Amino acid sequence: MQHPSLNIAIRAARSAGKLLLRYMDRVDSLKVESKSRNDFVSDIDRGAEALIIQELRARFPDHAILAEESGAQGRGDFQWVIDPLDGTTNYLHGFPQFSVSIALKHKGQLECGVVYDPLREEMYSAARGQGAQLNDRKIRVANRPSLEGALIGTGFPFRDQRHIDVYLRMFKDMTLATAGLRRPGSAALDLAYVAAGRTDGFWEIGLAEWDCAAGALLVAEAGGTVTDLAGGKSFLETGNLIAGNLKVHRAMLDLLTPHLTEQLKA
C-alpha cells in the first residue's frame with residue numbers, strides 16, 4: 001500500500017512542475033535576486049514553493065515545513081523538506097535539467113520523498129520500506145561491482161568554495177578511476193539517477209538538506225547507500241554526501257577519504 005503522504009507529495013510536485021514549464025520560455029521576464037555568490041532565486045522559485053506549501057497545508061495543517069525560500073515554519077514530529085526548483089541556475093539559462101524535490105521526515109527519519117523532472121515527465125518516488133519507483137515502475141541501483149567503467153555524477157561546490165582545491169583533487173582521482181564524470185546541475189535529479197541505475201554513484205560537498213533529502217531516500221529504497229564523506233549518517237546536516245550501490249559506494253569512500261580535511265571529516 002502506498003504511503004498516505006506520498007500521493008499528496010506527488011500531486012504537489014506536479015503542480016509546481018506545471019508552473020515551472022509555463023514560465024520556461026519567459027525567463028527574461030522573471031525577477032531574479034542573488035541570495036549569495038552563485039546562488040539565485042526568482043519569482044518562479046517562490047511561486048512554485050508557495051504552491052507546494054498550499055497543497056501540503058491543505059492536507060496536513062499541523063506538519064512543520066523546511067523550504068528553501070521561506071525557511072522553517074512550525075514545529076512537530078512531521079516535517080516537509082522542500083526544494084521547489086533544484087537547478088535554478090540551469091532553469092534561468094534555459095538549460096534543460098532541473099527538478100522539484102519534496103521529502104517528509106518523521107522525528108528526523110526520512111519517510112517518503114519525490115523528485116520530479118517536469119521536462120521529461122519523470123516522477124521518482126519512494127516511501128520507507130516500500131522501495132523506489134520511476135513513474136510507478138520499480139527501480140534499482142546499478143549492479144556495477146567497482147569504479148572501473150563506472151559513470152559517476154557530481155556537483156561543483158558553487159556556493160561555498162572553501163573546499164574547491166580539495167574537491168578538484170577528488171575530481172582528478174575520480175576521473176582517472178572511472179569511465180567518466182557528469183555534472184548536470186540538479187543534485188536531487190543526480191541522486192534520482194543513481195536510484196534508477198542511470199549513473200553508478202554520486203558525490204558532492206556543501207548541499208542543503210532540501211537538495212538531497214528526497215534523493216537520498218530514493219537511493220536507499222532502490223537498494224543503494226548514502227553516507228557523509230566519512231561514511232557516517234550525518235549527510236543531511238553536513239550537506240556532504242556519497243551515494244551508490246554498496247560496492248561502488250565503498251570504492252568511492254576509499255578513493256575520497258585520503259583527501260578529507262578535518263572539516264570535511266566532521
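Okay, let's start on one helix: Asp254 and Arg250 both sit in α8 (residues 246-256), four residues apart, which is about one turn of the helix. Helices here are DSSP runs of H or I with at least four residues, strands are E runs of at least two, and both are numbered from the N terminus. The side chains of Asp254 and Arg250 form a salt bridge, at 3.1 Å from N to O. By salt bridge I mean a side-chain nitrogen of Lys or Arg within 4 Å of a carboxyl oxygen of Asp or Glu.

Quick housekeeping: this is a predicted model, where local features need pLDDT of at least 70, side-chain atom pairs count only at pLDDT 80 or more, and totals for chains, interfaces and linings use all residues. Residues are numbered from 1 along each chain as its sequence is written, and side-chain values use heavy atoms, with hydrogens and water left out.

The cut-offs are under 20% relative accessible area for buried, over 50% for exposed, and partly exposed in between, with a 1.4 Å probe and protein chains only.

How many salt bridges are there by this rule? Seven. Another one pairs Lys105 with Glu209, at 2.6 Å from N to O. That one links distant parts of the chain: Lys105 is in strand β6 (residues 99-106) and Glu209 in helix α6 (residues 209-221), 104 residues apart. Lys105 is buried, at 11%, and Glu209 is buried as well, at 16%.

Then there's Arg144 with Asp200, whose closest N and O atoms are 3.0 Å apart. Arg144 is in the loop between β10 (137-139) and β11 (151-155), and Asp200 is in the loop between α5 (187-195) and β13 (201-204), so the bridge ties together parts 56 residues apart in sequence. Here Arg144 is partly exposed at 29%, while Asp200 is buried at 9%.

Now zoom out. The chain has nine helices and 15 strands, and 55% of its 266 residues count as buried. Of the contacts (heavy atoms within 4.5 Å) with a separation of 6 or more, 63% are between residues 24 or more positions apart. And the C-alpha atoms fill a box of roughly 45 × 45 × 35 Å along the principal axes.

That's my tour, thanks!
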